[in-house]
Amino acid sequence: MPTINQTRLDAYVAAEAKILQGQSVRFGDRELRRADLSEIRAEIGRLQSVVAREQAGAAGRGGRFSQADFGGRT
């Protein structure tokens, strides 16, 4: 099951694709403008890091601490 951050990342990637298709669209006298591409890409980068940490934690690796083995075995 995807995490909330994975769901957000998917939404931002979809938004990026829509932005790349065109920044605005006009419906009669109304105009819809999409978000700024640089802001979307910055958030995609941030969310990719968060999701990678979540996935590493769920897999039992990663996180803030590492365990060292000083047993001297090779």
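This is a predicted model: local features need pLDDT of at least 70, side-chain atom pairs count only at pLDDT 80 or more; totals for chains, interfaces and linings use all residues.

Student: How many salt bridges does the structure hold?
Tutor: The structure holds 3 of them.

Student: Why is the contact of Glu 16 and Arg 41 called a salt bridge?
Tutor: The N to O distance between their side chains is 2.7 Å. The cut-off is within 4 Å, so the pair qualifies.

Student: Why is Glu 16 called buried?
Tutor: Its relative accessible area is 18%. Buried means under 20%, so Glu 16 is buried. Arg 41, with 43%, is partly exposed, because its value falls between 20% and 50%.

Student: How do you know that Arg 26 and Glu 31 form a salt bridge?
Tutor: Their closest N and O atoms are 3.7 Å apart. That is within 4 Å, so the term applies.

Student: Is Arg 26 buried or exposed?
Tutor: Arg 26 has a relative accessible area of 53%. Exposed means over 50%, so Arg 26 is exposed.

Student: What makes Glu 43 and Arg 46 a salt bridge, and where do they lie?
Tutor: Their side chains meet at 2.8 Å, N to O, which is within 4 Å, so this pair qualifies. Both residues lie in helix 2, 3 residues apart, about one turn of the helix. Arg 46 is partly exposed, with a relative accessible area of 42%.

Methods:
Residues are numbered from 1 along each chain as its sequence is written. Side-chain values use heavy atoms; hydrogens and water are left out. Buried means under 20% relative accessible area, exposed over 50%, partly exposed in between (1.4 Å probe, protein chains only). Helices (H or I, at least four residues) and strands (E, at least two) are DSSP runs, numbered from the N terminus.
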